[in-house]
Amino acid sequence: MVTAADTAAMPARTEAAHRTRPSGWVLRAVISAHVVAIFGQPVFAGVFLSGDYDGLRWHAAGANVVTSIGYIQLIAAIVVWVRLRQVWVFLATFAVVTAETVQYFAGLEGALWLHLPLGVITIAALVVQFIDVWWRPLQRRPQPQRKQVQTLAAPHRPEAGDA
């Protein structure tokens, strides 16, 4: 049963979806793929830790995929920053990609004391970013208007030495 309150709330959500620009939709798609790819990493690590050594190969291949998608996301975030003036998307993506890169090399070096907690933090941060970009519309921010200051020429006052 649809009530009057339901019909009033539905158009606002649809209107928000229509305000998102194409570059915002590309960013949403890349972040969605990134989230799907990153959720496979703990699964592959668990397969390896359970004794199946093919899991390590899958985990390494997954790390390459996740890191590549992260760099694609960084490019999309730069486009959103330039076109939509949304700098927070770039800053959040830069933080996630930096953490992923450190995690990638920590995994290659076998530094599990850094690799595991950083992996958990990276997944949590990416999920928060995923929710954030899907929750609000990604639209162009208005350019701040610069006020034109009119300066009046000061009247010339003769100094005591001017004569």
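Colleague: What makes up the accessible surface of the protein chain, and how much of the surface belongs to carbon and sulfur atoms?
Modeller: The accessible surface comes to about 11400 Å², and 68% of that area belongs to carbon and sulfur atoms; the areas come from the Shrake-Rupley method with a 1.4 Å probe, and for residues only the protein chains shown count as cover. This is a predicted model, in which local features need pLDDT of at least 70 and side-chain atom pairs count only at pLDDT 80 or more, whereas totals for chains, interfaces and linings use all residues. Residues are numbered from 1 along each chain as its sequence is written, and side-chain values use heavy atoms, with hydrogens and water left out.

Colleague: Why is W25 called partly exposed?
Modeller: Buried means under 20% relative accessible area, exposed means over 50%, and partly exposed is in between (1.4 Å probe, protein chains only). W25 has 36% relative accessibility and therefore counts as partly exposed, and W134, with a relative accessible area of 32%, is partly exposed as well. Of the 163 residues of the protein chain, 31% count as buried.

Colleague: What makes W25 and W134 an edge-to-face pair?
Modeller: The structure holds seven aromatic pairs, and in this one the rings of W25 and W134 are 5.6 Å apart, centre to centre, with 70° between the planes.

Colleague: What makes the largest nonpolar core a core, and which residues have the most contacts inside it?
Modeller: A nonpolar core is a set of buried Ala, Val, Leu, Ile, Met, Phe, Trp, Tyr and Cys residues joined through side-chain atoms within 4.5 Å. The largest one has 22 residues, and those with the most contacts inside it are L27, V89, V133 and L138. Helices α2, α3 (54-84), α4 (87-109) and α5 each supply at least two residues of this core, and α3 gives the most, with seven.

Colleague: What is V133 in contact with, leaving aside its neighbours within four places in sequence?
Modeller: With contact meaning heavy atoms within 4.5 Å, V133 is in contact with L27, R28, I31, W88 and L138. S32, which lies in helix α2, is 101 residues from V133 in sequence and 9.8 Å away in space, C-alpha to C-alpha; with the neighbours within four places again left aside, S32 is in contact with F130 and W134.

Colleague: How do you know that the span of α5 agrees with its 24 residues?
Modeller: The expected span is 1.5 Å times one less than the number of residues; for the 24 residues of α5 this gives 34 Å, and the end C-alpha atoms are 34 Å apart, which agrees. The buried residues of α5, including L118, I123 and V133, pack against α2, α3 and α4.

Colleague: Why does Q41 count as buried?
Modeller: Q41 has 11% relative accessibility and therefore counts as buried. Q41 lies in helix α2 and, leaving aside its neighbours within four places in sequence, is in contact with W58, H59, G62, A63 and V66.

Colleague: What is the phi of R85, which is not a glycine?
Modeller: The phi of R85 is positive, at about 60°, and R85 is found in the loop between α3 and α4. With a relative accessible area of 24%, R85 is partly exposed.

Technical notes. Rings of Phe, Tyr and Trp (its six-membered ring) pair if their centres lie within 6.5 Å; planes under 30 degrees apart count as stacked, over 60 as edge-to-face and the rest as tilted. Helices (H or I, at least four residues) and strands (E, at least two) are DSSP runs, numbered from the N terminus.
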